[in-house]
Amino acid sequence: MAWEQSKTFIVQRSLQAKFGANGKFGLIIETANRAKDLKQGAKSLIKDPDEIKGHRETIVALKELNEDKWGPGYIKDKNGMDIDIPNK
């Protein structure tokens, strides 16, 4: 499998800074949780389908975070959010 630059996402320090003291750990945990929801069928919060076409769930979750579609506290807040997971 060849590396494709167009399918990568570089996490900037400013993105890690959103998670305060938890930093990189908080970013990883909450992004993984959002990616899991996407894999289970939740709709992406990014409106343009071409922007996420062909990307894995983790990259989509990071792109959503970068566009401030969700943020720190996603794990706690997701019960109140309309994330639309089928069969749940």
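The expected span of a helix is 1.5 Å times one less than its number of residues. For the 17 residues of helix 2 this rule gives 24 Å, and the end C-alpha atoms are 24 Å apart, so the two values agree. The model is predicted, with an average pLDDT of 78.

**Confidence**
- A pLDDT of at least 70 is reached by 73% of the residues.
- Helix 4 has the highest mean pLDDT among the elements of the protein, at 91, while helix 5 has the lowest, at 68.

**Helix 2**
- Gly 41 follows helix 2 and has a positive phi, near 115°.

**Nonpolar surface patch**
- Four residues, Phe 25, Ile 28, Ile 29 and Ile 75, make up a nonpolar patch on the surface.
- Together they have about 380 Å² of accessible area.
- Phe 25 is located in helix 2 and has a relative accessible area of 57%, so it counts as exposed, the cut-off being over 50%.

**Salt bridges**
- The structure contains two salt bridges.
- One of them joins the side chains of Asp 68 and Lys 18, with an N to O distance of 2.4 Å.
- Asp 68 sits in the loop between helix 4 (57-66) and helix 5 (74-77), and Lys 18 in the loop between helix 1 (13-17) and helix 2, so this pair links parts that are 50 residues apart in sequence.
- Asp 68 is exposed because its relative accessibility is 57%, whereas Lys 18, at 32%, is partly exposed.
- Arg 34 and Glu 64 form a salt bridge in which the closest N and O atoms are 2.7 Å apart.
- Arg 34 and Glu 64 are both buried, that is, under 20% relative accessible area.

Conventions
Residues are numbered from 1 along each chain as its sequence is written. This is a predicted model: local features need pLDDT of at least 70, side-chain atom pairs count only at pLDDT 80 or more; totals for chains, interfaces and linings use all residues. Side-chain values use heavy atoms; hydrogens and water are left out. Patches are made of residues with over 30% relative accessible area and no salt bridge: like charges are joined within 9 Å, nonpolar side chains (Val, Leu, Ile, Met, Phe, Trp, Tyr) within 5 Å. Accessible areas come from the Shrake-Rupley method with a 1.4 Å probe; for residues, only the protein chains shown count as cover. Helices (H or I, at least four residues) and strands (E, at least two) are DSSP runs, numbered from the N terminus. Buried means under 20% relative accessible area, exposed over 50%, partly exposed in between (1.4 Å probe, protein chains only). pLDDT is the predictor's confidence in each residue, from 0 to 100.
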